[in-house]
Amino acid sequence: MLSHNKTTHIILLVTVCLLVFFVHLDVLYVNIMEARNFLSARDMLRENNWLLTTMNALPRYEKPPLPTWLTAISGAIFGLKDVAALRLPSALASLLLVLVSYNFIFKLTKLQTQAFITSLILATSFYIVFSGRQGTWDIYTHSFMMVAIYALYSYLLSEEFNLKYALLAGIFIGFSALSKGPVSMYGLLLPFLISYGVVYKFKLKKNLAIGLVVVLVLAIGISMSWYIYININDAETLLEIANKETNAWSHKNIRPFYYYWSFFTQSGLWTIPAFISLLYPYLKHRVSNLKAYKFTLLWTVFSVVLLSVIPEKKSRYLLPVLIPLAFNCSFYIQYLFKNFKTLKSRYEVLPVYINYTIIGCVGLLFPVLGIVIIDDLSGYWFWFLLASLSLVGVSIFLLRALYKREIKTVFYLSIVFILCITTFGLPLTTALSVNTNMRLPETVQPEIKQTQLPVYVFNNEMVEILWNYGENIPVVYHEGMINLPTETKFIIISPFECNEELYAFFENYNLEQIDYIDLNTMQSNQRHYNKRFIANVFKATLSN
């Protein structure tokens, strides 16, 4: 039986997650990572390529298939053209992450309020929100690993062999690996084990050893199952892809060791509290559970250090760090809950006032900023008014509570602030699409079909365009392999940046541009305009 408080917390957390991760799932445009996943999911359903996974009918073994399986199942139920349906499994994985984190922190600290605070911070951290609303692999691998860590932690606390926790840990480590390989083992599990060993020490009893064997056998078996299958059925392609991926780790997106030093900024709203929570000399005499605080702090630090060792670095790779960081941040917030009203030092209260004053001012200024930033609100006034009224209202009450030093009220109103943005503000993002030359593949497709000519793409790199086109298109040039059309007349879609290569490949053809595709939401003179989102459509005719 759940306690009354825990039941209330779970209900509230589910409600928060519904508003953060599930509403308006179809609003944001499909990005390159999502497009790859969605293309593979489409091939699963249309080509039945569930194990020998493909993207646009070409082998795609760079990522394990579990997230794509879940995406394909959701697409089969709700429709492949429904972007919200394809993103739904990611939102569910985010909900799983938040709920299991609640149980983990409750077991760690024995404090339901702190577990609730932790989960709210986690659910509203910027990159967690972003990943949970995108159909990519990262949120799956770390959510599944957090389930495994919770089970493993529970098992380590057991006095005797507990099969349930051993099975959960082994299965979900395997699920994590089937989502994105060993990424979460390295970025989340390994720093957890190191931190646990440093702070709590490993005091395993002999009768618990069998459970760890179960964990290892299940984890290795599930993790390796798909790779073994691919190795048996398509070893050559798997080796080529593995070599390419390994080369990318050491040669692409190379950043210096200190590149991740500002990792706490990825928590968005919690940037200042997260930074302060990392100041061990300040908090060591203030937190209620010093041992648990040391553990989450070391977990965060070791995660950052391990990720920094790897030459290839991207901001999204910091996602696993935000999980222990949210845990760590909750100790500082819990301290403020108990003591903020009586704090005398201006150095202690100033960061709190700065953090929440910024939030309050952003809310108050939202109506003005919205009108300035969005050129045309036609068709968006309903959402704009709701967002403006809610954010201004919440900000007034937040600043009033801050003035009275009612920090609990301030904290919970900041959560409501985020909910107002995701519920009422997200639809306004489409109002920022100002590219009058935007031309989507589904608009061009009828014209192409009228020619009754076969269609090819120059390469397989235009993944967003391929996804929007709605069907697979044969590729001419891929991974050094050339597959020239046998027809004397055909349609060829080429990335804008590959026009010179295209003319070199088809020097014996007359190329007549008949249309173009442009997925950019910004005008060509704006900063975020990207030529990678442009493709030209040519009619190719073999010269006599």
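Modeller: The second largest pocket has a volume of about 330 Å³. A pocket here is an open set of points on a 1 Å grid over the protein atoms alone, where a 1.4 Å probe fits, with protein on both sides within 12 Å along at least five of seven lines; lining residues have an atom within 4 Å of a point. Grid points are joined across faces, edges and corners, and the volume is the space filled by probe spheres set on them. Its lining has 18 residues, and the closest to the centre are Ile-173, Met-185, Leu-189, Leu-216 and Ala-219. H10 gives the largest share, eight residues. By class, 16 lining residues are nonpolar, two are polar and none is charged. Nonpolar covers Ala, Val, Leu, Ile, Met, Phe, Trp, Tyr, Cys and Pro; charged covers Asp, Glu, Lys and Arg; the others, Gly among them, are polar.

A word on the model. It is predicted: local features need pLDDT of at least 70, side-chain atom pairs count only at pLDDT 80 or more, and totals for chains, interfaces and linings use all residues. Residues are numbered from 1 along each chain as its sequence is written, and side-chain values use heavy atoms, with hydrogens and water left out.

Now the rings. The whole structure holds 46 aromatic pairs. Rings of Phe, Tyr and Trp (its six-membered ring) pair if their centres lie within 6.5 Å; planes under 30 degrees apart are stacked, over 60 edge-to-face, the rest tilted. Phe-192 and Phe-295 make an edge-to-face pair, 5.8 Å centre to centre, with 70 degrees between the planes. Phe-192 belongs to helix H9 and Phe-295 to helix H13 (residues 290-309), so this pair ties together parts 103 residues apart in sequence. Phe-192 is buried, at a relative accessible area of 0%. Phe-295 is buried too, at 0%. Buried means under 20% relative accessible area, exposed over 50%, partly exposed in between (1.4 Å probe, protein chains only). Both rings join a cluster linked by ring pairs, together with Phe-104, Tyr-153, Tyr-196, Tyr-200, Phe-202, Trp-299 and Phe-327.

Charges come next. Arg-255 lies over the face of Tyr-259, 5.4 Å from the ring centre. That needs NZ of Lys or CZ of Arg within 6 Å of the ring centre and within 35 degrees of the ring normal. Arg-405 lies over Phe-340 in this way, at 5.3 Å.

There are nine salt bridges in the structure. Each is a side-chain nitrogen of Lys or Arg within 4 Å of a carboxyl oxygen of Asp or Glu. Asp-138, Lys-180 and Arg-316 are linked in a network of them. Glu-348 and Arg-286 meet in another, at 3.2 Å, N to O. Glu-348 sits in helix H15 (residues 346-373) and Arg-286 in the loop between helix H12 (280-283) and H13, so the bridge ties together parts 62 residues apart in sequence. Glu-348 is buried, with a relative accessible area of 11%. Arg-286 is partly exposed, at 30%.

Terms used: Helix = DSSP H or I, 4+ residues; strand = E, 2+ residues; numbered from the N terminus.
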